[in-house]
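Subject: Structure handover and notes

Dear colleague,

Please read the notes with the model open beside them.

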Amino acid sequence: MIDSLPSQSLISRRSALLTSAAAALALFPLTQSATAAESLEELSLGTATWSDAADASQTSSSIPLSARVVPPSFATYLARFLLHYDDGASIWWENQSETYSLLASYEAKKREGKSFGSYASSIQKGLYSYISGNDESNISSYAKVRAQYSTLLSSLSDKYGSKQGAIRDIALLFAMLPAVYQPTDILRNIDKGVITRTGTNAGTTSDNFPPNFQEDFALLLPNKYQVLYNESTKSYKITPDINLFEIGINEDKGSPAIATTFGPLSSKPLSRERNLTLGIYTLLGISGGAGCALTHTLVIPLDVVKTRLQTNPGQYDGIFDGAATIAKEEGVNALLLGAQATIAGYLWYGISVYPSYAFFKRFIGDQLLSPAFATAHVSQVALVAGAMASVIASLGLTPIEACRIRTVAQPDIYREKGLLGTLNVIGSEDTELGWKNLYAGLPSLMTRQVIFGSVKFLAFERASEAIFATWPELRDATYTALGVSLVAGGLSGTLSSVVSQPADSVLTYVAKQTAGGNLGIIDGAKKMVQEDGVGSLYRGLGSRSIWAGCIIAGQFLLYDVFRALFGISGDDLNQVFEVVLPKNM
């Protein structure tokens with residue numbers, strides 16, 4: 001009888017592996033039970049691990065979805081079987097469903113389908129590696145493939161056979177295999193009473209499937225479905241007949257997938273973001289610092305004109321007239337005023353804001369909020385993370401930005417002093433405040449940066465998602481993906497400049513005041529409106545929008561270029577779930 005098969009080693013390797021597959025998925029949402037995940041990875045049936053995507057098994061990633069040696073319907077029904085009978089997989093799936101519980105019903109079901117498809121893909125790839133053998137040597141031999149499936153059947157039976165209905169579902173599972181692969185000798189030894197024992201899905205008497213079968217991925221075939229041995233084909237079939245359809249589809253990112261009777265099967269295994277180490281954060285900072293310093297250096301002339309338009313309203317007819325006039329009256333070098341402060345300030349900005357955003361986005365989503373709330377409010381999480389990162393960046397940027405504005409607005413006084421000299425002058429203007437005078441513009445700068453930074457990151461991410469959703473093939477090549485970064489960066493920079501323009505105008509007004517004291521953003525805004533009207537808050541918007549669009553496009557482009565060079569982009573920061581069965585279970 002199959003209930004007493006003595007395959008303990010077979011048991012431990014296969015089932016634990018699949019169990020682990022589902023449970024490790026529990027880590028895929030923002031936060032999951034660490035205990036459940038650890039117990040899954042310690043199961044004895046196989047080895048379930050999260051591997052760096054860039055280093056993941058190339059053999060498994062190249063497996064065709066429709067590989068007949070592991071039929072898609074077999075893989076997806078086994079995935080359902082584990083969700084139903086395996087404790088770890090069941091816990092993972094409950095957590096997944098809870099993670100999506102605050103989303104709209106349609107979106108929640110869509111994400112559940114994607115999670116199931118990736119989970120099933122991890123299982124299929126593990127099965128394929130096990131069934132096909134070393135160097136896929138088993139594929140050419142029906143007998144070898146059948147022997148592997150025999151061992152798998154015994155392992156699943158030993159692991160789950162004591163649960164109500166499990167043996168029946170195992171028999172149904174293996175009846176889905178092509179006749180040449182079916183372990184009929186073992187199937188025929190199953191006690192008839194055990195194989196017909198009903199499970200938990202009573203189903204209906206009139207319908208092939210209950211109406212919610214395609215919506216509940218833990219649901220198994222209703223009790224009326226049984227296996228029947230066919231003497232003519234010497235194999236088992238499911239009765240009543242069932243349509244095991246397998247239809248090629250595209251996922252929302254343009255990747256091929258297969259729709260089966262039992263749910264989707266993705267071409268890509270389950271994945272998650274890897275934990276970021278101090279070394280990775282450091283490289284993110286270097287990438288951000290290099291990107292920001294280079295882009296701001298290239299647009300210093302534009303920044304000079306923008307600042308003059310804000311500090312000397314009416315002096316120039318526009319950005320091009322301003323650039324021509326400054327070059328003619330003060331020399332071409334005047335278009336590089338404040339270069340030291342610009343490079344130093346935005347080197348700090350890039351070093352601080354990019355890793356801070358990555359940290360706060362993960363910290364808020366993983367530690368402060370529940371998985372369900374974080375998933376339903378992903379845009380708000382991005383806004384808050386961008387705002388907090390901008391606060392940190394503002395602390396170092398404020399005194400340097402004050403120096404830059406002074407140098408551009410009053411070059412005769414500050415040009416020769418340089419960055420350190422200007423810092424010393426501003427810090428000594430008010431004997432009572434001292435160095436605190438350098439932070440006179442902190443409220444307005446921080447307000448501007450918080451608004452600009454939070455909108456910048458959110459707009460960039462949403463613009464990138466929208467572009468890739470429309471043209472998924474742009475992900476396929478590095479240069480096209482970088483092109484998307486450039487376009488999305490330009491859009492986010494323009495939008496951010498419009499939203500933060502009033503704060504930027506107030507910042508410039510406050511910073512140019514000699515001995516600015518405690519004049520803050522509220523008082524500065526009131527004074528500007530009293531003197532020049534509400535329109536003064538949007539003075540220089542055109543030039544600033546051009547400036548921001550160009551500079552943020554360049555920032556994200558170079559940031560992604562340096563990340564790629566350092567090996568911390570795309571798949572470098574992801575892990576995939578792999579299921580490994582021993583060759584000899």
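The notes below go through the strands, a helix pair, a pocket, the cavities and some points of backbone geometry.

Please bear in mind throughout that this is a predicted model.

Strands

Three strands make up an open sheet, in which the order is E1-E8-E7 and the pairing is antiparallel. Strand E1 (47-52) and strand E7 (271-273) are at the edges and have a single partner strand each, so one side of each is left without a neighbour in the sheet. From one strand to the next, the twist averages 30°. Between E1 and strand E8 (residues 574-580), which run antiparallel, there are six bridges, and within this pairing Ala48 has Val579 of E8 as its bridge partner.

There is also an antiparallel pairing between strand E2 (residues 226-230) and strand E3 (residues 235-239), which are joined by five bridges, with Val227 standing opposite Ile238 in E3. E2 and E3 form a hairpin with four residues between them, and in the turn Lys234 has a positive phi of about 55°.

Helix pair

Helix H16 (residues 378-409) and helix H19 (residues 442-470) have axes that come within 7 Å and cross at roughly 140°. The crossing in which H16 passes H19 is right-handed, and the residues of their contact comprise 14 nonpolar, eight polar and four charged.

By type, the lining of the second largest pocket divides into seven nonpolar, seven polar and six charged residues.

Cavities

Three cavities of 30 Å³ or more are present in the structure, and the second largest cavity holds about 100 Å³ of space. Among the residues that line the second largest cavity are His296, Tyr346, Tyr349, Arg448, Phe452, Arg544, Trp547 and Gln555. Helix H14 (339-368), H19 and helix H22 (541-566) each contribute at least two residues to the lining of the second largest cavity, the largest share being the five residues from H22. Six nonpolar, three polar and three charged residues make up the lining of the second largest cavity.

Thr239 and Pro240 are joined by a cis peptide bond, for which omega is about -5°, and Pro240 has its place in the loop between E3 and E4. Glu136 has a positive phi of about 55° although it is not a glycine, and this residue, Glu136, lies in the loop between H6 and helix H7 (142-160).

With best wishes

Note on methods. Residues numbered from 1 in each chain as written. Predicted model: local features only at pLDDT ≥ 70, side-chain atom pairs only at ≥ 80, totals over all residues. Heavy atoms only, no water. Pairing = 2+ DSSP bridges. Axes fitted to C-alpha atoms, helices over the stretch in contact; angles between N-to-C directions. Left-handed = near helix turned anticlockwise from the far one by under 90°. Nonpolar A, V, L, I, M, F, W, Y, C, P; charged D, E, K, R; others polar. 1 Å grid on protein atoms, 1.4 Å probe; cavity = no way out; pocket = protein on both sides within 12 Å on 5 of 7 lines; lining within 4 Å. Points joined across faces, edges and corners; volume = space filled by probe spheres on them.
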